[in-house]
Each structure stands twice: as C-alpha cells, then as structure tokens.
Amino acid sequence: MDLNSDRQLRIESGLPDEIESIAQEVIGCAIAVHRSLGPGLLESLYEHAMDVELAHAQIPFARQVRLPVHHRGVQIGTHVVDMIVAGAIVLELKAVEAIHELHRAQLISYLHVANLPLGLLLNFNCATLRDGLRRVVNTHWQRLHAAPPSTTPHHAVPESQRSSQ
C-alpha cells in the first residue's frame with residue numbers, strides 16, 4: 001500500500017485542508033477512547049474521556065456549548081451542543097444501539113445553528129467506532145464561504161497597461 005492510499009480513500013468534501021486535518025485528529029482521539037473504554041457505557045463517560053484525549057492531543061475544544069437559536073432574526077432560545085472542536089467542528093456524541101437518520105438530521109440543525117462547516121456523529125456503542133462514525137458537511141456553510149466570483153469585468157484593462165491622463 002503506498003503512502004497516498006489514505007488520500008485515495010477519502011471522499012472530497014470541499015472543506016479547507018486545515019478542517020480536514022483537525023477532523024482526522026479528532027477521529028483518532030475518538031478511536032483511542034473507544035479502544036480504551038469499549039462500548040456499553042454512558043454517553044457522559046465518553047464525553048469526559050474525549051475531554052482528556054483532546055486535551056492530551058492539544059486540540060482546542062469546548063464542552064456543552066450553549067448556542068443562540070434564531071428564527072426570522074429573533075433569538076427564540078438556546079441549544080446546547082456536546083462539543084465544538086477548534087471552533088470548526090461540532091461533535092455529537094452518542095451511546096445508542098444504532099444511529100438513525102434523525103440523529104444525522106439533528107446534527108445538520110446543530111451545524112446550521114452554530115454556522116460551522118463540519119459535524120462528526122460519534123456513536124461509541126458499536127463493536128468498532130468506524131461503524132458508529134458519520135461525517136456531516138454543512139453545505140450551507142460551504143455556499144456562504146465559497147470564493148466569490150470575480151467582480152472584474154472581462155473588458156477591464158490591467159492597471160499596468162493603462163495610460164496616465
């Protein structure tokens with residue numbers, strides 16, 4: 001297997017490389033927690049273990065983050081997400097029998113409320129964490145942060161070629 005094989009296995013997300021790199025580190029931390037604790041414990045224990053693992057890896061994070069929720073420009077309340085990593089990734093931790101489409105839909109809502117690009121749904125109640133991992137990309141965030149189209153008209157003359165008047 002060549003050194004670039006892991007890049008070949010990745011699906012192109014369109015996210016900045018820095019966010020992808022942090023996501024890979026976070027997944028590595030989650031795998032370490034799962035290998036250490038195994039399945040079957042309470043979600044709160046996995047959350048505390050992720051604290052330890054992320055701190056050990058020197059990855060910035062915040063737990064139980066309260067986010068304002070708005071509707072038509074009016075704050076209607078707040079919602080608490082499990083973790084936000086590096087100001088870019090929402091972690092939604094689970095210890096359930098199976099991940100359902102509702103869990104994924106909830107994570108999409110959290111990403112919109114937080115206005116962050118990536119969410120990781122981590123279910124620690126699986127034989128292997130790979131079976132309990134879901135990545136969710138906030139396509140709304142991508143549209144907002146896409147490079148704007150060029151505003152330079154096609155007929156514009158570069159400044160270096162303009163004559164002085």
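Colleague: Which residues form the nonpolar patch on the surface?
Modeller: Keep in mind that this is a predicted model. The patch has about 340 Å² of accessible area together. Its members are Leu 37, Leu 41, Leu 42 and Leu 45.

Colleague: Is Leu 45 buried, partly exposed or exposed, and why?
Modeller: Leu 45 lies in helix H3. Its relative accessibility is 42%. Buried would need under 20% and exposed over 50%, so Leu 45 counts as partly exposed.

Colleague: Which element gives the most to the largest nonpolar core?
Modeller: That core has 26 residues, and Val 26, Met 50 and Phe 124 are among those with the most contacts inside it. Two or more residues come from each of helix H2 (17-37), helix H3 (43-56), strand S2 (74-85), strand S3 (89-94) and strand S4 (118-123). With eight residues, the top contributor is H2.

Colleague: What does Val 26 touch, leaving out residues up to four places away in sequence?
Modeller: Val 26 is one of the residues with the most contacts inside the largest core. Its partners are Met 50, Leu 54, Ile 59, Val 85, Leu 91 and Leu 120.

Colleague: How do the rings of Tyr 46 and Phe 124 sit, stacked or edge-to-face?
Modeller: The two rings are 4.6 Å apart centre to centre, with 5° between the planes. Planes under 30 degrees apart count as stacked, so this pair is stacked.

Colleague: How many residues apart are Tyr 46 and Phe 124?
Modeller: Tyr 46 is buried because its relative accessibility is 0%, and Phe 124 is buried too, at 0%. Tyr 46 sits in helix H3, while Phe 124 is in the loop between S4 and strand S5 (133-137). The pair links distant parts of the chain, and the separation is 78 residues.

Key: Residues are numbered from 1 along each chain as its sequence is written. This is a predicted model: local features need pLDDT of at least 70, side-chain atom pairs count only at pLDDT 80 or more; totals for chains, interfaces and linings use all residues. Side-chain values use heavy atoms; hydrogens and water are left out. A nonpolar core is a set of buried Ala, Val, Leu, Ile, Met, Phe, Trp, Tyr and Cys residues joined through side-chain atoms within 4.5 Å. Buried means under 20% relative accessible area, exposed over 50%, partly exposed in between (1.4 Å probe, protein chains only). Helices (H or I, at least four residues) and strands (E, at least two) are DSSP runs, numbered from the N terminus. Contact means heavy atoms within 4.5 Å. Patches are made of residues with over 30% relative accessible area and no salt bridge: like charges are joined within 9 Å, nonpolar side chains (Val, Leu, Ile, Met, Phe, Trp, Tyr) within 5 Å. Accessible areas come from the Shrake-Rupley method with a 1.4 Å probe; for residues, only the protein chains shown count as cover. A salt bridge is a side-chain nitrogen of Lys or Arg within 4 Å of a carboxyl oxygen of Asp or Glu. Rings of Phe, Tyr and Trp (its six-membered ring) pair if their centres lie within 6.5 Å; planes under 30 degrees apart count as stacked, over 60 as edge-to-face and the rest as tilted.
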